[in-house]
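Dear colleague,

Please find the structure below, handed over for your study. The notes after it set out what was found.

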Amino acid sequence: MLEPEESEAKSLLEKVDANPKRMGRRLIEELELMEKSYRSQRQVTVGPRVLASLDDARDEAKGLGDEYGTPEHVLIAISGTTRGYAGRLLRDAGATPDKLR
């Protein structure tokens, strides 16, 4: 979501003065701290926090009058979570739900 040069998510983060490249580097650094057994799994599973964030993104889309959820809605939802690294990373960069809306 943060890498494509012309992504809506990247543009949204830049509008609130968050630095997507710096955030991406911090996320990679955090992922590299994980045990190798977690990083090398071939089968990806989705945990309850991810499912909750996707549900929140759907609700955010509906609340904004959008028919479908987008990466931007996911960013808003994750920025509002109080648990987990991604939400903290977004908020530390100044990307709060209110600013992202």
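Arginine 58 counts as partly exposed, at 41% relative accessibility. Aspartate 55 and arginine 58 are separated by about one helical turn, because they are three residues apart in helix H4. An α-helix has 3.6 residues a turn, so residues three or four places apart point the same way. Salt bridges that share partners join Asp55, Arg58 and Asp59 into one network.

Before going further, please note that this is a predicted model, in which local features need pLDDT of at least 70 and side-chain atom pairs count only at pLDDT 80 or more, while totals for chains, interfaces and linings use all residues. Residues are numbered from 1 along each chain as its sequence is written, and side-chain values use heavy atoms, with hydrogens and water left out.

The chain as a whole

The protein chain has seven helices and zero strands. Helices (H or I, at least four residues) and strands (E, at least two) are DSSP runs, numbered from the N terminus. Of the 101 residues, 31% count as buried. The chain exposes about 7,400 Å², and carbon and sulfur atoms supply 50% of this area; accessible areas come from the Shrake-Rupley method with a 1.4 Å probe, and for residues only the protein chains shown count as cover. Among contacts (heavy atoms within 4.5 Å) between residues at least 6 apart in sequence, 46% join residues at least 24 apart.

Other salt bridges

How many salt bridges does the structure hold? There are five. In one of them, the side chains of arginine 26 and aspartate 92 meet at 3.8 Å, N to O. Arginine 26 lies in helix H2 and aspartate 92 in helix H6, so this pair ties together parts that are 66 residues apart in sequence. Arginine 26 is partly exposed at 31% relative accessibility, whereas aspartate 92 is exposed at 52%. Another salt bridge joins aspartate 98 to arginine 101, with the closest N and O atoms 3.0 Å apart. Aspartate 98 is exposed, with a relative accessible area of 65%.

Helix H1 covers residues 8–15, and its buried residues are Ala9, Lys10, Leu12 and Leu13. Seen down the axis of H1, these residues fall within an arc of 160°, so they line one face of the helix; the arc is that of the directions from the helix axis to the C-beta atoms. The face turned away from the buried side carries the exposed residues Glu8 and Lys15. The cover over the buried residues of H1 includes helices H2 (20–32), H5, H6 (85–92) and H7 (97–100). After H1 comes aspartate 17, whose phi is positive, near 65°.

The largest nonpolar core has 17 residues, and those with the most contacts inside it include Leu13, Leu75, Leu90 and Ala95. Such a core is a set of buried Ala, Val, Leu, Ile, Met, Phe, Trp, Tyr and Cys residues joined through side-chain atoms within 4.5 Å. The elements that give two or more residues to this core are H1, H5 and H6, and H5 supplies the largest share, five residues. Not counting residues up to four places away in sequence, alanine 95 touches Leu13, Val16, Ala18, Ser79, Leu90 and Leu100.

Two further residues

Is serine 79 buried or exposed? Serine 79 is buried, with a relative accessible area of 1%. This residue lies in helix H5 (residues 71–79), and a polar atom of its side chain lies 2.8 Å from the backbone oxygen of isoleucine 76. With residues up to four places away in sequence left out, the residues that serine 79 touches include Gly87, Arg91, Thr96 and Pro97.

Lysine 62, in helix H4 (residues 48–63), is exposed, with a relative accessible area of 57%. The C-alpha atoms of lysine 62 and histidine 73 are separated by 9.7 Å, and the two residues are 11 residues apart along the chain.

Yours sincerely

Note on methods. Buried < 20%, exposed > 50% of the residue type's maximum accessible area, 1.4 Å probe, protein only. Polar contact = N/O pair within 3.5 Å; in protein donor to acceptor, adjacent residues only side chain to side chain. Salt bridge = Lys/Arg side-chain N within 4 Å of Asp/Glu carboxyl O.
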